[in-house]
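Here is a friendly briefing to read alongside the coordinates. Have a look at the model first, then follow the topics below.

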Amino acid sequence: MADEHVPQGIDPTVPSVARMYDYYLGGKDNFRADREAAEQIVRIARESGSDVREIARANRGFLIRAVRHVAEAGVRQFLDIGTGLPTQDNVHQVVQRVAPESKVVYVDNDPIVLVHAQALLADNPGTFVVEGDLRRPGDILKAAAAHLDFDRPVAIVVAAVLHFVQDDDEVARIVSTLRDALAPGGYLALSHGYIEPEAGDPGRIDEARGVYRRSASGSIAWRDRETVRGYFDGLELLEPGIVPAQEWHNDDPYVPPELAKGGVLAGVGRLPGPASS
Ligand SMILES: C[S@@+](CC[C@H](N)C(=O)[O-])C[C@H]1O[C@@H](n2cnc3c(N)ncnc32)[C@H](O)[C@@H]1O
């Protein structure tokens, strides 16, 4: 994005995690401050033997495979919280290829994401964009209920966004509110940043946190497998369980060695019971 075309109300000097992620994925919807912050993260990760671009691609790959899988299982309603900027394959494109009647509600708290999403979706009758903050999940569910029927199965997607909420108890409360909104046959697809305990150099982790602290989202919290597993309490965890994002239902056996030290953990859970049609 050329720095001179800054939409009204946007401060291009404050990095946005949505635009940093867009940069990791090779997108063009980012400003200089986003690129500089992202490059710092790329460097810190490289010094730790990791590769943030591979991590972002692995996460995005999980998200696409997860929503396709759920659509193939028959779900026709999707709530994607922390949507991110449009990229190659967006949730509505993936699920509407499986079933064109699928409805998708996109939610984000970044105004630029909302502007792009609205432009992309202008002609798509099954998709809706809602401004919302994950830290107020009740408001999100209320707004989404204008478009989705929560008495029938909905797939709630929270990919690479919960780690921007710092307080562990708050994250647990958010996830439990979202899980409680699921009808039998509904799904939770979730991914979250993690670092293998032996790979985490505290100095570098602090440095990376410092970069994210200067972003509009205000820092990042990596969490461990047990914590992420707990987010699926009460749900039937689909095989292969909680795994690094690149391993979830991926037929491509190649795993970049840089991903061995951490990245994004991912899983999909289903609320048991017969789905009402
Ligand atoms: C790393 S991107 C992930 C995008 C997409 N979910 C994916 O996995 O490819 C994180 C997204 O979450 C959004 N986000 C961060 N904090 C949020 C919050 N509190 N409420 C809603 N969205 C948030 C950011 O604006 C950004 O679009």
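Alanine 155 touches Val67, Val70, Val75, Phe78, Gly186, Tyr187 and Ala189, leaving aside residues up to four places away in sequence; touching here puts C-beta atoms, placed from the backbone, within 7 Å. This is a predicted model, where local features need pLDDT of at least 70, side-chain atom pairs count only at pLDDT 80 or more, and totals for chains, interfaces and linings use all residues. Residues are numbered from 1 along each chain as its sequence is written.

**Nonpolar core**
- The largest nonpolar core has 81 residues, and Val67, Leu79, Ala155, Ile156, Val157 and Ala189 touch the most other members.
- α3 gives the most to this core, with 10 residues.
- Such a core joins buried Ala, Val, Leu, Ile, Met, Phe, Trp, Tyr and Cys residues through C-beta atoms within 7 Å; buried means 20 or more other C-beta atoms within 10 Å, exposed 12 or fewer, and partly exposed in between.

**Around the ligand**
- Among the 21 residues around the ligand (C-beta within 6 Å), Ala18, Gly82, Gly84, Asp110 and Ala159 come nearest.
- α1 (17–24) and α3 (52–72) each supply at least two residues of this shell; helices are DSSP runs of H or I with at least four residues, strands runs of E with at least two.

**Backbone details**
- Glutamate 239 and proline 240 are joined by a cis peptide bond, with omega about 5 degrees.
- Proline 240 sits in the loop between β6 (236–237) and β7 (243–244).
- Serine 219, in the loop between α8 (202–213) and α9 (225–230), has a positive phi near 90 degrees.

Conventions: Two residues are in contact if their C-beta atoms, placed from the backbone, lie within 7 Å.
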